[in-house]
Amino acid sequence: MSSTIRETDLGTSKITPLPARAAANAPMPQAHGIARNPGMRLDLGFMESMRGVNRSALERRVASLTKRRSIKADNQAAWLLRAVACMDLTTLNSNDTEQRVRRLCAKAVNPFRRDIVEGLGITGEKIRPAAVCVYHPFVATAVEALRGSGVHVAAVSTAFPHGLAPLSTRLQEIEASVRDGADEIDVVIPRGLVFAAKWQELYNEIVSMRAACGEAHLKVILGTGDLATLRNVMLASMVAMMAGADFIKTSTGKESVNATLPVGLAMVRAIRAYFEETGYLIGFKPAGGISTAKASLDWLVLMKEELGRPWLEPELFRFGASSLLTDIERQLEHHLTGHYSANHRHAMA
């Protein structure tokens with residue numbers, strides 16, 4: 001198994017142009033040239049070959065990744081801007097309101113203060129989060145607030161965060177969000193199906209969810225903090241991709257343990273194995289607990305080292321984040337001035 005997927009690997013005959021897929025709010029359709037994952041039959045033999053997960057080896061690899069690279073000065077600023085471009089700016093609180101969502105959307109359209117933009121020399125670059133992620137009742141509000149910006153609208157669905165409603169109810173929620181304009185759907189799996197090794201049932205549910213999404217892209221949340229073992233994480237990742245997931249995502253952000261680098265490493269190696277088996281590129285989204293600029297750099301390094309340069313684009317990598325943008329802004333201001341500013345000077349919503 002090769003260590004990274006190189007750009008030259010993407011020219012295989014299995015990669016076909018993606019049908020035009022624009023954000024609900026994009027001013028013009030823009031295809032990103034990545035073939036959408038059609039899924040495959042549930043292959044238990046392939047899954048069996050992926051069962052062996054060495055936690056100690058993964059932890060050693062993660063430790064080496066975070067220590068080998070020291071990203072400083074202008075390079076660090078550039079990597080942090082890349083982190084912003086790969087961000088799903090998220091609000092998933094019980095006290096969310098339409099006004100709060102509108103303010104968050106305004107932040108997505110203009111993520112940096114003008115003095116920071118001018119100081120970095122990025123005026124006119126339109127570096128923005130890739131998407132705003134909200135509960136279903138706020139999808140229409142977000143679509144309207146982001147109209148013409150090119151920022152995607154993502155909705156969490158399927159009885160988020162536990163996924164324990166009847167399947168018919170979960171599918172209706174997906175369809176309702178798509179009707180309201182969401183072009184990305186983050187679904188959550190029932191973790192009990194993983195513990196019971198009901199792989200066919202899990203596969204069938206995700207296939208149904210993919211069908212309900214239509215042209216909207218499907219991100220499958222595994223709830224890795226609830227899955228107990230890296231083996232479960234690996235097998236659930238493989239089932240999700242076989243069922244047609246466009247992204248696999250670590251967490252809802254509501255578990256006691258959310259995105260961790262060893263879990264992320266197991267998932268990106270599942271992505272690499274799926275690519276080598278099928279030729280299709282699957283996106284990855286760590287979410288929950290990623291709140292500092294330093295942490296975002298660790299994740300970017302992981303993607304670059306394990307999967308290669310193609311996975312540093314928002315079509316294949318996203319952060320699920322609510323407060324990360326604030327710390328990145330503070331780091332960028334420190335880069336320009338040598339001083340850290342207070343959080344309230346970089347309000348989110």
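Glu-205 touches Leu-167, Arg-170, Pro-190 and Leu-193 when residues up to four places away in sequence are not counted. The residue lies in helix 9, which spans residues 199-213, and Glu-205 is buried, with a relative accessible area of 9%. This position belongs to a predicted model of a protein chain with 13 helices and eight strands. The eight strands form an open sheet with parallel pairing, and the largest nonpolar core has 106 residues.

- Of the 349 residues in the protein chain, 56% are buried.
- The accessible surface of the chain comes to about 14400 Å², and carbon and sulfur atoms account for 50% of that area.
- Among contacts in the chain with a separation of 6 or more, 78% are between residues 24 or more positions apart.
- The average pLDDT is 89, and 90% of the residues score at least 70.
- Over residues 5-32, however, the pLDDT is below 50, although this stretch has 63 contacts in the model beyond near neighbours in sequence.
- Where pLDDT is low, the predicted coordinates should not be read in detail.

**Strands 3 and 4**

- Strand 3 (residues 152-157) pairs with strand 4 (residues 184-188) in the parallel sense over four bridges.
- Within this pairing, Ala-155 has Ile-185 of strand 4 as its bridge partner, and Ser-157 has Val-187 of strand 4.
- Five of the five residues of strand 4 are buried, so this strand is largely enclosed by the rest of the structure.
- Both faces of strand 4 are covered, with Glu-184, Asp-186 and Val-188 buried on one side and Ile-185 and Val-187 buried on the other.

**Nonpolar cores**

- In soluble globular proteins, nonpolar side chains tend to be buried together.
- In the largest core, the residues with the most contacts inside it are Phe-112, Val-220, Met-238, Met-242, Phe-284, Trp-299 and Ile-328.
- Helix 11 (residues 261-278) gives the most to this core, contributing 11 residues.
- Leaving aside neighbours within four places in sequence, Phe-284 is in contact with residues including Phe-247, Ile-248, Met-267, Val-268, Ile-271, Trp-299, Met-303, Leu-316 and Phe-317.
- The contacts of Phe-284 also include Thr-250, Gly-264 and Arg-318.
- A second, separate core has seven residues, among them Ala-154, Val-156, Val-188 and Ile-221.
- Val-188 of this second core is also one of the buried residues of strand 4.

**Arg-113 and its contacts**

- Arg-113 lies in the loop between helix 4 (98-109) and helix 5 (114-120).
- Not counting residues up to four places away in sequence, Arg-113 touches Glu-329, Glu-333, Arg-345 and His-346.
- Arg-113 and His-346 are 233 residues apart along the chain, while their C-alpha atoms are separated by 7.9 Å.

Key. Residues are numbered from 1 along each chain as its sequence is written. This is a predicted model: local features need pLDDT of at least 70, side-chain atom pairs count only at pLDDT 80 or more; totals for chains, interfaces and linings use all residues. Side-chain values use heavy atoms; hydrogens and water are left out. Helices (H or I, at least four residues) and strands (E, at least two) are DSSP runs, numbered from the N terminus. Buried means under 20% relative accessible area, exposed over 50%, partly exposed in between (1.4 Å probe, protein chains only). Contact means heavy atoms within 4.5 Å. Accessible areas come from the Shrake-Rupley method with a 1.4 Å probe; for residues, only the protein chains shown count as cover. pLDDT is the predictor's confidence in each residue, from 0 to 100. A nonpolar core is a set of buried Ala, Val, Leu, Ile, Met, Phe, Trp, Tyr and Cys residues joined through side-chain atoms within 4.5 Å. Two strands pair if DSSP finds at least two bridges between them.
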